[in-house]
Amino acid sequence: MNSQWIAVIVTSLLCYALKFIGHAIPEIWLAHPRVQRITNLIPIVLLSSLVAMQAFTVKTKFVVDHRLAGIAVALIALKAKLPFPAVVVGAMATSAIVYRLKI
Amino acid sequence: MSVKRDSLSVGLAVGAAGVAFGAVAVADHFTVAQACFLSLVLFSGASQFSLVAVMSAGGSALSAIVTGTFLGGRNGLYGVRMAQILKLKGFKRALAAQLTIDESTGVAIAQSELEDQKTAFWYTGFGVYVFWNLFTLIGALGAKAIGDTSAWGLDVASPAIFCAVLFPRLKERKLLIASVLAFLWALSITELVPAGVPIISTVVIAALVGWK
């Protein structure tokens, strides 16, 4: 079994376990304000660093390219309160156009 | 019943984003079977995208597992909330756990009546599940047919989706600070440490910013 399948299966099982534990534990366990603040922040920091990696690196090297245009359009669309599909499709179309113009 | 109709339309709209997941997974050298397995069993968008993203950036299976699992952690917190509303046991509880995601919880707690909350949870959960899986398969098969995924903007689909998920939550000052710090931190160390580390290490930022 290759490492991709290992990651796919193990993460799937762990994530299901987390969902199930949530349904089974008493709420008091997570009631401490500090625990709540930190657990609230964890998805924010992970997703923010993922944006940085996916939009501005190529194989761990810092790179600015056509993807910057796509992310810029996504942020403008979000600021303009456009619906979710418009944000994603707008970003993809812009990135693709800039990429093709360079070629 | 407008609760049912609203729940199913959320299911369709969110499920359609599964096309992006299927396409991105295949563009990042995962197989169609792996993409479908993730949507069927993991069934949590951010974790699925992050797992694929970490490994395609050269990260190890371990760093992909840790990142994906941390992102799945919030579903556990939703589970705590939903358990009080649903009050289930046995098989139904196990099924409800799998359907506990951002959307099913969000639509459920937006209702004022208890019965509507339950209805919204099940209809939104099942709706997203069915459409998310259907569209994952379509996206994965479609991406196989496309050669250069950058020419179709697929390399920016996943970060754009993350931006859309993050954006409404960054009105709170602490969340915005943590987001910017994590973004800059990850970029500043990416050339110095193994792939995956820039992402997982931001948990320290969450702990520091959230401490007080």
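Apart from neighbours within four places in sequence, Ala160(B) is in contact (C-beta atoms, placed from the backbone, within 7 Å) with Gly70(A), Ile71(A), Ala74(A), Val87(A), Val88(A), Ala91(A) and Met92(A). The model is predicted: local features need pLDDT of at least 70 and side-chain atom pairs count only at pLDDT 80 or more, while totals for chains, interfaces and linings use all residues. Residues are numbered from 1 along each chain as its sequence is written, and chains are lettered from A and ligands numbered from 1 in the order in which they are written.

Ala160(B), Ala74(A) and Val24(B) have the most contacts inside the largest nonpolar core, a set of 102 residues. Such a core consists of buried Ala, Val, Leu, Ile, Met, Phe, Trp, Tyr and Cys residues joined through C-beta atoms within 7 Å. Helix α2 (residues 33-56) of chain A supplies its largest share, 12 residues. Helices are DSSP runs (H or I, at least four residues), numbered from the N terminus.

## The interface

In total, 62 residues of chain A are in contact with 81 residues of chain B. On the chain B side, helices supplying at least two residues each include α3 (32-42), α9 (154-166) and α10 (173-189). The largest share of that side, 20 residues, comes from α5(B).

## Ala35(B)

Helix α3 of chain B contains Ala35(B). This residue is buried (20 or more other C-beta atoms within 10 Å of its own) because 27 such atoms lie within 10 Å. Outside four places in sequence, its contacts include Phe21(B), Ala25(B) and Thr136(B). The C-alpha atoms of Ala35(B) and Ala25(B) are separated by 6.0 Å, at 10 residues apart along the chain.

Conventions:
Two residues are in contact if their C-beta atoms, placed from the backbone, lie within 7 Å. A residue is buried if 20 or more other C-beta atoms lie within 10 Å of its own, exposed if 12 or fewer, and partly exposed in between; C-beta atoms are placed from the backbone.
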